[in-house]
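Biologist: I have a model open and want to learn how to read it. Can we go through it feature by feature?

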Amino acid sequence: MIAGANSGGANPSGDGMVGRHVVTLDDVSTAQIRELLHKAQYIDAHRKEVAHTCEGRVLATLFYEPSTRTRLSFETAMLRLGGKVIGFAGAQLASVTKGESIADTLKTVSNYVDVVAIRHPKEGAALVASRASSVPVINAGDGGHMHPTQTLADLATLQSRFGRITDLTVGLCGDLTFGRTVHSLIETLCRFGNVHFVLISPDELKTPRYVIDRIESTATCSYTEVRDLSSVIGDLDVLYMTRVQKERFFNEDDYLRLRDTYILDTEKMKLAKPNMAVLHPLPRVNEIAVEVDDDPRAAYFEQVKNGMLMRMALESSVVGDELPGYEPLEPK
Ligand code: CP
C-alpha cells in the first residue's frame, strides 16, 4: 500500500484522518465529520492561534476545470495555516497538454507537496489521482459525481443555522442530475439520518438512481420528487438551490430550455418558513434573484466562509498538524 493511502496507519492526532484521501465523504466517518465541524468552529474563533499550524507544508491545487471558491479557499486555507501553495488553474498550462496522464501527474506532484486538491471534469479522476499519489488527495469536484468539501461547507452552514444536521426537511432544487454538490450532500445527510428530501426538478434533471438508492436504503430518510417549487417551499427547513450545469449538457438547446426553470425571488420567499435557510454552492446564474441576498434566510455567502474554515480543518487533519489549544470532541 502506498504511503498516504487510506490505510489507517500512524495517527498522532488519534482521529484517523492523517494521510487520508478524501475522494468522497465515505472516506470520512461520521465521527470524523463531526470532529471537522468542531475544528472549523475552533479555527474561526482562534485565527491567530492557528496561523502557524501548517508551517513548512505545501498544498498543490491541480484544477483542470474552472473554479473561484473551491480553489481559492483551498489555497487560502493553507496560507492561513502558515503553509504554502503551488499548482495550476487550467490544464492548458500543465503538461497534460503534452498527453500526460493524471496518474503520472500525481506520481510527480506528490513528490513536491504534503497534500493535493484536484478538480477534474471526469467522474472518477480524483480516485485515479488518489491511487497514484503518495500524499493525501482531496477531491475538489470530479465531473457530475461528487464535491465532498462543498458538502463539508454545507454541513457547517446547517450546523450554524439550526444547531444540528439531522431532523430537517431539505429541498434540493434545479439540476439534480449533474449537480455534484447535491449528490454529495444527499449521500452524507443520509449517513446522519432523519432527513426528508424534497427533490425539485424538471423531469430531464432528476436525481440519479444511485443517489435515490442511497435514500431508499436509509431507514430514517425519505424523499418526494416534485416539479413545482412554490407548492412545497412552505414545508422546507432548507432550500438548496443549484445552477443548471451548462458545461455538462450535450445539447445547447436543452440547456437554454431548462436553465431558467426555477428563479427564487422575494415573492416565493414570502411562502417560506421564517427560519428557512437558502443555500447554494455558487456560482449562481439566474436561479436566485439578487434581491434575495438581503433576506436573513439567505445563507449562501456564509457557505463560502464555512468552505474555507472546513478546508482549513481538513487540510490540517490530513497532514497531521495539531491546532494549538484545540480540544477534540472525542478525547484521545
Ligand atoms: N461551489 C463551487 O464549487 O464553486 P467554484 O466552482 O467557484 O469552485
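Biologist: Leaving aside its neighbours within four places in sequence, which residues is Arg 119 in contact with?

Modeller: First, the ground rules. This is a predicted model, where local features need pLDDT of at least 70, side-chain atom pairs count only at pLDDT 80 or more, and totals for chains, interfaces and linings use all residues. Residues are numbered from 1 along each chain as its sequence is written. Two residues are in contact if their C-beta atoms, placed from the backbone, lie within 7 Å. Leaving aside neighbours within four places in sequence, Arg 119 touches Phe 63, Tyr 64, Glu 65, Ser 67, Thr 70, Ala 140 and Gly 141 by that rule.

Biologist: Is Arg 119 buried or exposed?

Modeller: Count C-beta atoms, placed from the backbone: a residue is buried with 20 or more others within 10 Å of its own, exposed with 12 or fewer, and partly exposed in between. Arg 119 is buried, because 24 other C-beta atoms lie within 10 Å.

Biologist: Which residues does the UniProt "binding site" annotation cover?

Modeller: UniProt positions follow the numbering used here, feature names are shortened, and annotations may be inferred rather than shown by experiment. The unreviewed entry's annotation covers Arg 69, Thr 70, Arg 119, His 147, Gln 150, Leu 282 and Pro 283. Leu 282 is partly exposed, because it has 19 C-beta neighbours inside 10 Å. Beyond four places in sequence, Leu 282 is in contact with Arg 69, Tyr 300 and Val 304.

Biologist: Where is Arg 119 found?

Modeller: Helices (H or I, at least four residues) and strands (E, at least two) are DSSP runs, numbered from the N terminus. Arg 119 sits in strand 3, residues 115–120.

Biologist: In what order do the four strands of the open sheet run?

Modeller: Strands of a sheet pair through backbone hydrogen bonds, either parallel or antiparallel. Two strands pair if DSSP finds at least two bridges between them. Here the order is 2-1-3-4, with parallel pairing. Strand 2 and strand 4 (137–142) are at the edges with a single partner strand each, so one side of each has no neighbour in the sheet. Strand 1 (residues 58–63) pairs with strand 3 over five bridges. Leu 62 has Ile 118 in strand 3 as its bridge partner.

Biologist: How many residues of helix 5 are buried?

Modeller: Helix 5 covers residues 148–162. Of its 15 residues, 11 are buried, so helix 5 is largely enclosed by the rest of the structure. The buried ones include Gln 150, which is also in the UniProt annotation. Just after helix 5, Gly 163 takes a positive phi of about 75°.

Terms used. The expected span of a helix is 1.5 Å times one less than its number of residues.
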